[in-house]
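Hi,

Here is the structure I promised to pass on. Have a look at it first, and then read my notes below.

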2 protein chains.
Amino acid sequence: MKLSQLFTKTSKNVPAGETSRNAQLLIQAGYIHKEMAGVYSYLPLGLKVLENITRIVRQEMNAVEGQELIMTNLQPREIWETTGRWDDKTVDVWFKTKLKDGADVGLAWSHEEPIIETMKQYVSSYKDLPVSVYQFQTKLRNELRAKSGIMRGREFVMKDMYSLTADAAQHEAYYNSVIEAYKQVYDRVGLGQDTYVTFASGGAFTQFSHEFQTLCETGEDVIYLHRGKNIAINEEVLNDDSLKELGIQRDELEEVKSSEVGNIFNFGTDKSEKMNFTFTNEAGERKFIHLGSYGLGITRVMGVVAEKFADDKGLVWPEAVAPAKVYLARLGDAEAVVKQADELYERLTASGVEVLYDDRDTRAGEKFADADLLGIPYRVVISGKTVAVGNYELKARTAAEARQVSLDELTKALGITT
Amino acid sequence: MKLSQLFTKTSKNVPAGETSRNAQLLIQAGYIHKEMAGVYSYLPLGLKVLENITRIVRQEMNAVEGQELIMTNLQPREIWETTGRWDDKTVDVWFKTKLKDGADVGLAWSHEEPIIETMKQYVSSYKDLPVSVYQFQTKLRNELRAKSGIMRGREFVMKDMYSLTADAAQHEAYYNSVIEAYKQVYDRVGLGQDTYVTFASGGAFTQFSHEFQTLCETGEDVIYLHRGKNIAINEEVLNDDSLKELGIQRDELEEVKSSEVGNIFNFGTDKSEKMNFTFTNEAGERKFIHLGSYGLGITRVMGVVAEKFADDKGLVWPEAVAPAKVYLARLGDAEAVVKQADELYERLTASGVEVLYDDRDTRAGEKFADADLLGIPYRVVISGKTVAVGNYELKARTAAEARQVSLDELTKALGITT
């Protein structure tokens, strides 16, 4: 994409009234727009980041046989009453409204109940199990406070998956495969090294549920980390029983700030008992379905990546999620410079490499500042000087210095194939 | 995809309480699930149809230089008050709710006001114009009645695009390019032949706006069609002035039922005056921006396609929107049959041809009925009989009879490349 055509522009000014670093930078770089506290729209570059994260998550959910669908925002009161979760005293993040005829409807903050209602139509035998469905859905939650930018929104995109299994063993096997799929996701988006499977409180059916917590100075959570065993536990379950169960000592734990980038939960047969969801097993007996629920905040992951890697110059995207791989800055409009820059842009594009081509009539300093603020992994500069010596200037966003490279080196570094 | 793994199943029973043909068939075929009147979730095959339509629309909007973004569902009261559209007396389809602090918020039924608010930050000069942005967004509208299945939802996916232009001439040039882009979309999804650019009432700035109306027996609209001139007008503007303006006689018009699959509108400078959105022209003068708005209902297009082409056996998808191109039915589980069917499945998949592989242990009659109900463009049957003679049985969904073809003919007919 040519920057002369992109409608967004960067801003040097920190947006007023925005205290979170991720939102400040994303707004300054033109990735997002704040509609109100905790409610952000995603502009072209921001949407590209979301799509990149979505693609990775979709691949990993498909790899564990998840089947994609899309549920609705509008929720009828009745199905949530069957499990007691319509009541604002039980669930305090509902947005609710009314149809013209006065009937109550809620705006979906989660989807366990409607998923069960849907799957009831299709699942009746052990032959239908296990089955797992997922969606990328815009959830609405009436959060009291929303001060962490896109790390905690009143409106946000979540991947939520639900598994239906025949018994505890089948559930556990699937649940463990999802833990591995989640690890793949965090590895691929660049958070793997700092993301810990964290023991959290379970429910009636399991001692623990699991959160995926990424170390992050501005995260809203606190976890207790055992670096040696590569596990963490959260505050709720920091007690003698849990420590004993996990075979760790309290003084081996390090208290760190973190952000919850995923959580997975075993509902056991709790919900299917309340909603009367059964199947027939091999012996012909009616049994309740086991339900697992697996959340992963797409917009939150984007916020955490933005927040964690940013430096004093701006955003720093890992290649897999960056809106483009290359920031191509053309300095000046000398014919030879324009020609070489246009050619490189076309070759990169033809090779499937996403490029932001800074073809604007602005100063070099502004272009460099924008390349840094936007956080594009590689910056290539073409100027009268580079053309004269037959070289290109290449700088990784994370490198201290640019270096002069030949076309051959550039081709290899950027993956040009045409 | 193998049907033995797909969780949805077809049903022979017309769903109770569903009067619209499109929703009846889509529910029976397992494409959608009804959450409540006018609110449907999209199951894997339904989601594939939506994605196919979305991909086509995205390509055509990109072709007219549209830049994709995604706005929010939650809408602050204030920006809609500036144009008088917060009031329920002016806009009667609002769903409204409240934040914890009591502040009013609406759920987006359209996005002109927030788009202007966003674009104000980026557009200030004639050099920034024209610019056009679009999104695929889930809109919520509190419709009094919702009896047309996915053709009119309380929750539905819409592509809405907004153009910002410097003056009437620049607006008109862009507006006309969108008319052509819309025609491309309807052609590609299979509705082109029956879709008419329809003159509807304009606003303060233009005599007419334009609707795209598709002939459809169960549509909610009535239009007056001039087949000779290939245009139509809607009831609002059926008067002597309009007829004169368009150079047609009342008795040349045919009254037909139709469904509105798109509409485009010139707001002129109305909204930018109300919201004080100006730019500096080449002479250094402040001028109000011209706004165009271009809607296209993604879920409605799916509903109209379903409704229009269905026959007494079920759905009939045009190839471009079908969830798969081929329904591969394997009859029986003789080793040679399984081997040949597996091989064909793999070759089709490797060629990028989407296949529903019916590898289930069900009767031939059931497989044929499902192939018809699901509406997949081509059905291929592999049985003991076809294997014995070295042929394949091929039937287009719209053909009366199946025919025996050689592997060579099959390869050509289905676009197998590997």
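Through which surface do the copies meet? They meet through the same surface, because 100% of the interface residues of chain A are also interface residues in chain B.

Before the rest, some housekeeping: this is a predicted model, where local features need pLDDT of at least 70, side-chain atom pairs count only at pLDDT 80 or more, and totals for chains, interfaces and linings use all residues. Residues are numbered from 1 along each chain as its sequence is written, while chains are lettered from A and ligands numbered from 1 in the order in which they are written.

Now the contact between the chains. Chain A puts in 38 residues and chain B puts in 38 residues (two residues are in contact if their C-beta atoms, placed from the backbone, lie within 7 Å). On the side of chain A that touches chain B, E7(A) gives the most, with four residues (strands are DSSP E runs of at least two residues, helices H or I runs of at least four, numbered from the N terminus). By class, that side of chain A has 20 nonpolar, ten polar and eight charged residues (Ala, Val, Leu, Ile, Met, Phe, Trp, Tyr, Cys and Pro count as nonpolar, Asp, Glu, Lys and Arg as charged, and the others, Gly among them, as polar).

Cheers
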